[in-house]
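This briefing covers helix packing, a ligand site and one annotated stretch. Please look at the structure first, then work through the points by topic.

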Amino acid sequence: ELDVTEYRKSLAIRVSGFDVPKPVKNFADCGFSNVLMNAIAKQSYEKPTPIQCQALPIALSGRDIIGIAKTGSGKTAAFILPMVVHIMDQPELKKEEGPIGVVCAPTRELAHQIYLEAKKFAKPHGLRVSAVYGGMSKHDQLKELKVGCDIVVATPGRLIDMLRLKALTMLRATYLVLDEADRMFDLGFEPQIRSIVGQIRPDRQTLLFSATMPRKVERLARECLTDPIRVTVGEVG
Ligand code: ADP
Ligand code: MG
């Protein structure tokens, strides 16, 4: 039997919030479909990383998360795997009516990495992922979005452009991830983030990840998340 308190202490894990689901030890404890388990095995991910052990059961239970952990800790799979489960739980999938999962990241490079990781877990279930960031002409972007998608991975600026052009809507979106929130604020994306959040139904599930929690990010979390569980892994400034 895992002593949760001792385990968390050993990894400098702090969790706060009410009714916190128990951490998992293995991917097999998450109730994933065989399709997802195979996709995880294909990545040679043997065990969940410490942030994944904590965050997966929380996200799978539908709760909001503030995740604070340094780069390289495996945050992407911690929000993508539950996102795929969330989407597969929907009674109807209508790609043309807009994405269900929306991920915002600060830069094109980071968004692209998330896009690649999302495809690994979404495609085996037949879900479509669209990339909405610089590097593709706006013309090609519009064409690609016409096809529809279940997941959008975006930088805030380009996503706002596409929303203005009505290339997609957020009407169906119910799972929002704000990744590297502190960097998005550093890059001046606060107004865009607030606009995007404002276009997504308030009963969505929201996950915010950040390496640090400056006051402005703390305020956004307070305003945009509902009864979040805060998971901090490691010594974070
Ligand atoms: P972060 O977003 O916290 O910086 P990433 O999600 O980019 O971290 O993951 C860092 C690296 O760890 C990636 O190469 C990813 O493929 C790998 N990784 C993620 N989860 C696991 C796991 N459970 N086991 C092994 N490697 C993993
Ligand atoms: Mg990351």
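Axes are lines fitted to C-alpha atoms, for helices over the stretch in contact, and the angle between two axes is taken between N-to-C directions, from 0 to 180 degrees. Two packed helices are described by this angle and by the distance between the axes. The model discussed here is predicted. In this model, helix H7 (residues 156-164) packs against helix H9 (residues 190-198) at an angle of about 45°, and their axes are 9 Å apart.

**H7 and H9**

- At this angle, H7 and H9 are therefore oblique to each other.
- The crossing in which H7 passes H9 is left-handed.
- On the H7 side, the contact involves Pro 156, Gly 157, Leu 159 and Ile 160, which meet Gln 192, Ile 193, Ser 195 and Ile 196 in H9.
- Five residues of the contact of H7 with H9 are nonpolar and three are polar, with no charged residue.

**H3 and H4**

- Helix H3 (residues 50-60) and helix H4 (residues 75-88) have axes that come within 9 Å and cross at roughly 25°.
- Angles under 35 degrees count as roughly parallel, and that makes H3 roughly parallel to H4.
- H3 passes H4 in a crossing that is right-handed.
- From H3, the residues Ile 51, Gln 52, Ala 55, Leu 56, Ala 59 and Leu 60 meet a set in H4 made up of Lys 75, Ala 77, Ala 78, Phe 79, Leu 81, Pro 82 and Val 85.
- The residues of this contact of H3 with H4 comprise 11 nonpolar, one polar and one charged.

**H4 and H5**

- H4 also packs with helix H5 (residues 108-122); the axes come within 10 Å and cross at roughly 40°.
- H4 and H5 are therefore oblique to each other.
- Their crossing is right-handed.
- H4 contributes Thr 76, Ala 77, Ile 80, Leu 81 and Val 84 to the contact, and H5 contributes Ile 114, Glu 117, Ala 118, Phe 121 and Ala 122.
- By class, the contact of H4 with H5 has eight nonpolar residues, one polar and one charged.

**Ligand 1**

- Which residues surround ligand 1? They are Tyr 45, Pro 48, Thr 49, Gln 52, Ala 69, Thr 71, Gly 72, Ser 73, Gly 74, Lys 75, Thr 76 and Ala 77.
- H4 supplies the largest share of this shell, three residues.
- The shell around ligand 1 divides into seven polar, four nonpolar and one charged residues.
- Gln 52 of H3 is in the shell and also takes part in the contact with H4.

**Annotated stretch**

- According to an unreviewed UniProt entry, residues 25-53 are annotated as "short sequence motif: Q motif".
- Over residues 25-53, the chain is 45% helix and 0% strand.
- The end C-alpha atoms of residues 25-53 are 6 Å apart.

How values were computed
Residues are numbered from 1 along each chain as its sequence is written. Chains are lettered from A and ligands numbered from 1 in the order in which they are written. This is a predicted model: local features need pLDDT of at least 70, side-chain atom pairs count only at pLDDT 80 or more; totals for chains, interfaces and linings use all residues. UniProt positions are given in the numbering used here, feature names are shortened, and annotations may be inferred rather than shown by experiment. Helices (H or I, at least four residues) and strands (E, at least two) are DSSP runs, numbered from the N terminus. Angles under 35 degrees count as roughly parallel, over 145 as roughly antiparallel, 65 to 115 as roughly perpendicular and the rest as oblique. A crossing is left-handed if the near helix is turned anticlockwise from the far one by less than a right angle, and right-handed if clockwise. Two residues are in contact if their C-beta atoms, placed from the backbone, lie within 7 Å. Ala, Val, Leu, Ile, Met, Phe, Trp, Tyr, Cys and Pro count as nonpolar, Asp, Glu, Lys and Arg as charged, and the others, Gly among them, as polar. A residue is near a molecule or strand if its C-beta atom, placed from the backbone, lies within 6 Å of it.
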